[in-house]
Amino acid sequence: MKADPAGVLTGVHYLDGDFACGEGAMAAGCRFVAGYPITPSTEVVERISRRFPMMGGTFIQMEDELASMAAVVGAAWTGTKSMTVTSGPGFSLMMENIGLGAMMETPCVVVNVQRGGPSTGLPTMAGQADMMQARWGSHGDYEPIALSPRSPQEAFDFTIDAFNLAEQYRVPVFVMMDECVGHMTEKVVIPPAEEIEIVPRKLTEKPPGEYLPYQNNGNKVPEFARAGDGYRFHTTGLTHDERGYPEMSEECQEKNVSRLLEKIRGSADKITRFVENETDGADVVVLSYGITARVARMGIDLARKKGVKVGEIRLEVVWPFPEKRIRELSKKVKAFVVPEINYGQMVLEVERCAAGRAGAILVPHAGGGVHDPESISSAILGAVK
Amino acid sequence: MSRTEIRVTGYGGQGVVLCAYIIGRANAVNAGNHSTMIQSFGPEARGSACSATLALSDEEILYPYIRRPDIFVAMSAEGYDKHRDELKPKGTLVYEKDLVPARLKKGQRSFGIPSTRIAEGLGRSLVQNIVMLGFFAAVSGLIPRDEVRKAVEDSVPTGTEELNLKAFDAGWSYFEEHYGAGAEGDAVAAATVVSPVA
């Protein structure tokens with residue numbers, strides 16, 4: 001289905017990443033945002049709260065992040081596309097209800113404009129140290145989806161993708177931005193509404209009485225019935241059967257959790273997305289994401305000038321991680337070089353998939369800025385020595 | 001256009017960010033190049049030093065921050081003092097003549113304008129930043145005049161377009177009248193230190 005023109009600000013703009021993310025949400029059909037504004041994500045909700053009245057959207061400034069995430073989960077159950085926006089400290093507080101969203105299979109989007117941490121850290125400066133929190137932050141087994149834009153244009157594009165993925169798989173989807181992208185202003189092209197593909201909520205066509213809210217429909221993703229549509233059902237964070245009723249048994253837990261995992265794992269090939277350049281015959285492959293991907297390219301160019309065969313993998317979807325491709329490449333390359341604005345997170349995934357067949361070299365950065373391209377090129381040169 | 005780095009500084013309330021925004025927009029949206037603008041997100045408040053940086057290029061911009069600016073636009077003394085040593089040895093200084101006691105250096109071209117007084121003459125001191133923008137556009141010659149004018153029109157609040165375009169033209173004309181194309185800028189005194197403030 002095509003985007004609702006009311007939310008699409010077609011044209012060529014000069015926007016920061018936060019504004020572009022907000023425009024992406026509105027273009028995707030988001031009409032409910034609850035949040036507790038926090039630097040460096042505040043501009044997302046500033047933009048949305050200013051423009052929402054024109055398209056019938058609702059923004060609520062909540063009392064805290066726990067309530068924000070709870071409101072988003074609740075709103076999603078009315079059928080409204082819903083989102084919250086935060087940064088590290090707020091992301092921590094949202095984890096409980098993110099888990100609830102995952103267990104209840106609630107399509108929604110959580111934007112995290114990452115800043116330096118831990119704790120309140122560096123409010124106005126860049127970080128990428130919440131990547132594993134996005135993967136494992138809430139307790140129990142679940143499989144998240146996360147994207148990481150490297151520019152305001154991608155902040156717009158990937159936010160639309162996030163809403164579409166949330167609808168397709170009925171999970172909370174994360175947009176893992178960072179302060180640098182959030183606060184950088186660049187050209188953003190917003191296409192006409194008829195060129196924006198939107199995935200609508202898959203509502204059940206079964207009559208009340210036949211509908212089972214947590215029934216596996218072949219693709220492991222249940223059909224949806226909106227609160228108020230006349231269906232009697234129950235939804236809960238407790239382990240539940242196909243009716244949504246709590247059932248405390250090993251068998252039900254197995255059925256419930258394995259479907260939650262399998263709906264993502266079984267489609268991982270369709271969900272993972274990355275850009276791959278010149279990996280054929282490469283000795284080293286640089287894997288990066290978000291803002292770091294831009295600086296990594298400079299490091300790659302510097303190393304290529306010194307004669308090293310360097311390939312590039314730039315993750316667009318960071319979770320699920322492209323395990324299969326990294327395993328394949330690990331049989332051919334000497335090492336992966338992984339620059340990230342943290343002290344080693346996605347590099348652990350690379351190391352796991354390389355399984356000793358190729359090195360996994362971290363180029364760390366504690367946060368507050370981006371890498372010097374030279375630090376990346378010297379890691380590449382060191383890897384081929 | 002090879003990569004050009006610019007820093008715009010002034011005090012909070014002077015329209016530093018809007019000035020930088022319009023430069024970036026003119027170059028990226030209207031002139032079809034690339035520009036990345038980053039505004040400082042410190043504890044800036046009205047009255048204290050504030051700045052924004054720009055990287056302009058005809059190629060994709062990978063590194064978003066600037067290292068040493070090629071052009072330094074200073075609208076206040078505090079901002080000037082904070083960042084003046086970053087300017088490249090052969091860089092260009094563009095400054096508010098009445099507010100910035102510039103220490104001109106050999107090798108750097110320097111261009112001063114009383115942009116606040118000019119804006120006051122137009123009836124609104126608020127448009128000082130756009131006077132400075134017009135002056136900057138003329139000094140740098142980086143982006144065609146019409147593209148910058150269009151960016152002004154598209155960026156200022158509705159209803160103020162005419163006044164802002166007047167301000168832009170006033171800044172541009174000041175350059176033509178006091179310097180002109182190919183000008184080397186203000187003369188540097190033997191001691192290399194000159195206070196333009198009379």
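**Exercise 1.** Across the interface of chain A and chain B, how many residue pairs are in polar contact?

*Solution.* Keep in mind that this is a predicted model. Across the interface, eight residue pairs are in polar contact, both partners being at pLDDT 80 or more. Next, see where chain A takes part: β1, α7 (179-182), β9, α10 (291-305) and α13 (373-384) of chain A each give two or more residues to the side that touches chain B. Of these, α10(A) gives the most, with five residues. Finally, sort that side by class: nine nonpolar, six polar and nine charged residues.

**Exercise 2.** Which side chains meet in a salt bridge at 3.9 Å, N to O?

*Solution.* Start with the count, which is four salt bridges between chain A and chain B. Then find the pair: the side chains of E374(A) and R67(B) meet at 3.9 Å, and the cut-off for a salt bridge is 4 Å.

**Exercise 3.** In what order do the eight strands of the open sheet stand?

*Solution.* Walk along the sheet: β1(A)-β9(A)-β2(B)-β3(B)-β1(B)-β4(B)-β5(B)-β6(B), with mixed pairing. Now look at the edges: β1 (11-16) of chain A and β6 (109-113) of chain B each have a single partner strand, so one side of each is left without a neighbour in the sheet.

**Exercise 4.** How do β9(A) and β2(B) run, parallel or antiparallel?

*Solution.* Two bridges join β9(A) to strand β2 (residues 34-39) of chain B, and the strands run antiparallel. For one bridge, take T185(A), whose partner in β2(B) is M37(B). Compare β5 (residues 92-96) of chain B, which is joined to β6(B) by five bridges and runs parallel to it; there, T92(B) has R109(B) as its bridge partner.

Key: Residues are numbered from 1 along each chain as its sequence is written. Chains are lettered from A and ligands numbered from 1 in the order in which they are written. This is a predicted model: local features need pLDDT of at least 70, side-chain atom pairs count only at pLDDT 80 or more; totals for chains, interfaces and linings use all residues. Side-chain values use heavy atoms; hydrogens and water are left out. Two strands pair if DSSP finds at least two bridges between them. Helices (H or I, at least four residues) and strands (E, at least two) are DSSP runs, numbered from the N terminus. A polar contact is a pair of N or O atoms within 3.5 Å; within protein, one must be able to donate a hydrogen and the other to accept it, and residues adjacent in sequence count only if both atoms are side-chain atoms. Ala, Val, Leu, Ile, Met, Phe, Trp, Tyr, Cys and Pro count as nonpolar, Asp, Glu, Lys and Arg as charged, and the others, Gly among them, as polar.
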